[in-house]
Amino acid sequence: MPKKAKPAGTGKEEGPVPGKQLKMEAAGGPSTLNFSCPRGLFESLISPIKTETFFKEFWEQKPLIIQRDDPALATYYQSLFKLSDLKSLCSRGVYYGRDINVCRCVNGKKKVLNKDGKVHFLQLRKDFDHKRATIQFHQPQRFKDELWKIQEKLECYFGSLVGSNVYMTPAGSQGLPPHYDDVEVFVLQLEGEKHWRLYHPTVPLARQYSVEAEDRIGRPTHEVMLKPGDLLYFPRGTIHQADTPPGLAHSTHVTISTYQNNSWGDFLLDTISGLVMDTAKEDMEFRAGIPRQLLLQVETAAVGTRRLSGFLRKLADRLEGTDVLLSSDMKKDFVMNRLPPYYEGDGAELSTPGGQVPRLDSVVRLQFKDHVILTVGPDQSRSDETQDKMVYVYHSLKNRRELHMMGNEETECHGLRFPLSHVDALKQIWNSSAISVKDLKLTTDEEKESLVLSLWTECLIQLHNHFHKLLVSPLGRLICHLQSGLNGTQSFNRLSYYSPQTRPYYDLKWKNEEV
């Protein structure tokens with residue numbers, strides 16, 4: 001289970017911890033973030049704190065305040081989002097509620113000042129200047145490339161969705177009342193200064209958002225003024241409030257959040273149903289009927305409790321004795337809703353197979369590994385009880401950045417499926433830096449070639465000796481032309497490869513674009 005949040009003090013009301021006690025100079029540290037790899041990005045984000053220290057002492061346990069004296073980093077932070085960016089963003093078409101909230105904390109309560117429909121910059125600025133309202137911009141990574149770049153790397157690092165919100169608050173004002181969230185929060189101060197107060201959680205590692213009354217939260221455990229380039233982290237459930245002091249310029253900060261519904265409890269709920277169904281197929285006891293009128297009883301009878309306990313022990317034994325990949329909706333949900341890989345230009349490398357077509361004598365490697373998941377589940381094309389298990393390969397290469405973290409917006413699932421007999425060969429590809437096609441654990445050479453060709457057409461593998469130069473082969477161009485349809489208007493197409501027995505092995509779901 002996730003570690004319980006350790007109290008920041010004795011549990012009694014104490015005075016705030018002076019910010020200067022937690023101040024750390026970033027002398028000698030990086031002036032901008034390191035995008036070489038996901039781990040490098042996170043290390044530079046929390047510098048000078050070491051990642052080992054962070055996860056041992058702070059993650060899911062207590063807040064961390066990093067105050068830096070680094071003008072270059074402050075300048076970089078300021079470039080992520082500025083109040084002045086709102087004018088151009090409004091011209092692109094943003095809407096109240098979906099993209100922007102306007103609010104203010106009045107007498108300990110949140111007062112929403114949204115209008116209807118499309119946001120107009122002049123009205124937004126009027127509310128900011130005259131009503132001293134906070135402007136909350138939802139998921140700015142949809143519009144700001146540098147935030148896309150940061151959050152995409154963090155999603156790779158955490159293996160969890162990473163969202164963000166920008167808050168712009170005028171001097172002498174507060175946008176939100178004291179509350180706690182159901183996410184791990186990293187606050188980056190971008191413009192001006194923001195006064196933060198943190199309190200003991202009433203619900204450590206909370207699973208939902210909640211407002212807390214001032215008379216219930218006691219005195220702050222931490223109190224700090226953040227300046228551009230500073231970072232604040234606090235775990236889910238940490239009660240907090242923030243204001244821009246009077247007499248100062250406006251404040252802009254971005255909250256980068258992750259690990260919503262990503263606990264051991266969530267994972268257990270996600271995997272237990274598949275485990276029960278698999279066990280019931282083999283164990284008749286799981287298929288036996290429950291006692292008559294059990295559902296009519298106010299309390300579960302002792303016999304019912306004993307039977308359930310016995311079933312759970314059987315499930316535990318089965319789980320410990322298997323290394324089969326379990327079907328996981330959490331995996332699928334993550335890969336469907338996460339950001340696509342960051343790219344510059346037209347992103348052709350995400351939609352057009354590159355390099356030479358793989359053959360039996362080729363050496364191949366998996367690419368975009370952090371954006372691909374492998375899982376086992378029932379054949380979704382069949383509805384009968386004898387569904388065969390299939391191996392599913394889902395990826396986020398074709399995800400739409402503009403839909404990231406937008407909740408009920410329609411998302412699509414991209415990937416491939418294979419017979420369960422291919423799972424070992426797929427694991428070989430996943431676990432090797434490079435592997436010869438002829439060494440894959442499949443029965444026939446045709447199966448081996450078909451497997452790598454289907455992965456190649458989805459841009460998931462490339463030839464080992466062609467990393468450095470991605471060239472579109474004539475066959476690749478032909479496949480992409482067929483994929484797009486003759487007129488380029490078809491939303492989806494399905495391409496199947498066939499085994500010698502002429503049954504479909506690989507179903508590829510393409511999202512077509514003009515070529």
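Analyst: Happy to! Let's start with strand β17, which covers residues 414–419. Please keep in mind that this is a predicted model. Is this strand buried or exposed? Of its 6 residues, 6 are buried, so the rest of the structure largely encloses β17. A residue is called buried here when its relative accessible area is under 20%.

Now for the partner of β17. Strand β16, residues 389–395, pairs with β17 in the antiparallel sense, and 6 bridges join the two. To find your place in this pair, look for V391, which stands opposite F418 in β17. As you trace the strands, here is a handy rule: side chains in a regular strand alternate between the two faces of the sheet.

With that pair in mind, you can look at another piece of sheet. Three strands make an open sheet in the order β18-β14-β19, with antiparallel pairing. Its edge strands are β18 (435–436) and β19 (461–463), each of which pairs on one side only. Strand β14, residues 363–366, meets β18 in the antiparallel sense over 2 bridges. Here V363 has S436 in β18 as its bridge partner.

Next come the nonpolar cores. The largest one has 48 residues, and F54, F137, I150, F186 and L188 are those with the most contacts inside this core. Another core lies apart from it and has 29 residues, including V364, V393, I429 and L440. Leaving aside neighbours within four places in sequence, F54 is in contact with F42, I46, I49, W59, L64, F186 and Y233.

P48 sits in the loop between α1 (38–45) and α2 (51–57), and the peptide bond leading from S47 to P48 is cis, with omega near 10°. Then compare two residues with positive phi. N107, in the loop between β2 (100–106) and β3 (109–112), has a phi near 55° although this residue is not a glycine. Q139, in the loop between β4 (134–138) and α6 (145–158), is also not a glycine and has a positive phi of about 50°. What about their surroundings? N107 has 76% relative accessibility, so this residue counts as exposed, whereas Q139 has 9% and therefore counts as buried.

Note on methods. Residues are numbered from 1 along each chain as its sequence is written. This is a predicted model: local features need pLDDT of at least 70, side-chain atom pairs count only at pLDDT 80 or more; totals for chains, interfaces and linings use all residues. Side-chain values use heavy atoms; hydrogens and water are left out. Buried means under 20% relative accessible area, exposed over 50%, partly exposed in between (1.4 Å probe, protein chains only). Helices (H or I, at least four residues) and strands (E, at least two) are DSSP runs, numbered from the N terminus. Two strands pair if DSSP finds at least two bridges between them. A nonpolar core is a set of buried Ala, Val, Leu, Ile, Met, Phe, Trp, Tyr and Cys residues joined through side-chain atoms within 4.5 Å. Contact means heavy atoms within 4.5 Å.
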